[in-house]
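Hi,

Here is the structure I promised to pass on. Have a look at it first, and then read my notes below.

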Amino acid sequence: MAKSVNYSEVDAMKDIDGALAKIDVEAQQRVLEWASSKHGVKLRAQFDVDVSSPHQKSPQPQRATDIKAFLVQKRPESFYERVACLVYFLEKFADQAEVGTKDISKANSDARLSKLTNPAVFVKHATHTYGYLTALGKRKFAISARGEAVVEALPDRTKVEEALAANPFGKKARRKRSKK
């Protein structure tokens with residue numbers, strides 16, 4: 001079968017991305033498995049995602065190279081959880097020990113998510129209100145132990161609540177520690 005010279009690999013990726021964006025995660029999985037079987041292409045496993053039970057904790061990724069797939073797997077429900085997921089990904093899989101707001105915005109764009117309207121505000125609240133990030137100085141941030149626990153618990157909301165309870169943050173947490 002002759003291959004078209006005018007149709008590039010990038011064109012194929014755009015078409016596939018457009019088609020997959022229109023269907024749910026389970027259907028995406030079936031389509032990809034069908035296509036790999038039909039064309040005899042072995043897919044490299046990035047994630048072992050169990051899409052049958054959305055509340056069951058998915059295993060941690062073996063090798064995450066796709067930030068978009070990582071965010072789809074984690075399904076953050078707020079901008080602050082999204083920021084924590086982005087920083088977690090950058091630290092754990094992109095080997096960035098510290099990240100700035102521009103790094104977070106770029107990662108958000110790379111994940112093809114809606115634009116963070118004011119990333120500095122989301123980063124500030126993720127750090128000072130929710131405790132998901134730790135400020136390192138010079139406008140650099142890292143994922144905190146609390147943020148790491150939340151991201152690892154996602155998408156299971158029960159496990160997220162347990163992670164938040166196990167990693168208290170703020171004035172209430174300090175009061176509880178001082179009373180003991």
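Before anything else, one definition: the expected span of a helix is 1.5 Å times one less than its number of residues. Also keep in mind that this is a predicted model.

With that in hand, take helix 4, which covers residues 79–92. Its 14 residues stretch 20 Å from the first C-alpha to the last, close to the 20 Å expected at 1.5 Å a residue. Twelve of those 14 residues are buried, so helix 4 is largely enclosed by the rest of the structure. Leaving out residues up to four places away in sequence, Glu-81 touches Pro-76, Tyr-132, Leu-154, Arg-157 and Val-160.

Now for the wider view. The chain has nine helices and two strands, and along the sequence they follow the pattern α-α-α-α-α-α-β-β-α-α-α. Of the 180 residues in the chain, 32% are buried. The accessible surface comes to about 12200 Å², and 53% of that belongs to carbon and sulfur atoms. Among contacts with a separation of 6 or more, 45% are between residues 24 or more positions apart.

Next, the aromatic rings. A pair of aromatic rings is described by the distance of the centres and the angle of the planes. The count here comes to nine aromatic pairs. What makes the pair of Tyr-80 and Tyr-130 stacked? Their ring centres are 4.6 Å apart and their planes sit at 25°, so the pair is stacked. This pair links distant parts of the chain: Tyr-80 belongs to helix 4, while Tyr-130 is in the loop between helix 6 (119–128) and strand 1, 50 residues apart. Tyr-80 has a relative accessible area of 19%, which puts it among the buried residues, whereas Tyr-130, with 32%, is partly exposed.

Another pair is Tyr-88 with Phe-93, which is edge-to-face, with 6.4 Å from centre to centre and 65° between the planes. Tyr-88 is buried at 4% relative accessibility, and Phe-93 is partly exposed at 25%. There is also one aromatic cluster formed by Phe-79, Tyr-80, Phe-122, Tyr-130 and Tyr-132.

On to the strands. Strand 1 (residues 133–137) and strand 2 (residues 140–143) run antiparallel and are joined by four bridges. Which residue of strand 2 is the bridge partner of Thr-134? That is Ala-142, a residue of strand 2 that counts as buried at 11% relative accessibility. Ala-142 also has Ala-97 in reach: the two are 45 residues apart in sequence, yet their C-alpha atoms are 6.9 Å apart in space. Setting aside neighbours within four places in sequence, Ala-142 is in contact with Val-87, Glu-91, Ala-97, Tyr-132, Leu-133, Thr-134 and Leu-136.

Finally, some backbone details to look at. Most residues other than glycine have a negative phi, and most peptide bonds are trans. Here are the exceptions I noted:

- The hairpin of strand 1 and strand 2 has two residues between the strands, and Lys-138 there takes a positive phi near 50°.
- Arg-139, in the loop between strand 1 and strand 2, has a positive phi of about 60° although it is not a glycine. With 75% relative accessibility, Arg-139 is exposed.
- Arg-75 has a positive phi near 50° and lies in the loop between helix 3 (67–74) and helix 4. Its relative accessible area is 40%, so Arg-75 is partly exposed.
- Leu-154 and Pro-155 are joined by a cis peptide bond, with omega at about 10°. Pro-155 is found in the loop between helix 7 (145–153) and helix 8 (157–166).

Cheers

Conventions. Residues are numbered from 1 along each chain as its sequence is written. This is a predicted model: local features need pLDDT of at least 70, side-chain atom pairs count only at pLDDT 80 or more; totals for chains, interfaces and linings use all residues. Side-chain values use heavy atoms; hydrogens and water are left out. Two strands pair if DSSP finds at least two bridges between them. Rings of Phe, Tyr and Trp (its six-membered ring) pair if their centres lie within 6.5 Å; planes under 30 degrees apart count as stacked, over 60 as edge-to-face and the rest as tilted. Buried means under 20% relative accessible area, exposed over 50%, partly exposed in between (1.4 Å probe, protein chains only). Contact means heavy atoms within 4.5 Å. Accessible areas come from the Shrake-Rupley method with a 1.4 Å probe; for residues, only the protein chains shown count as cover.
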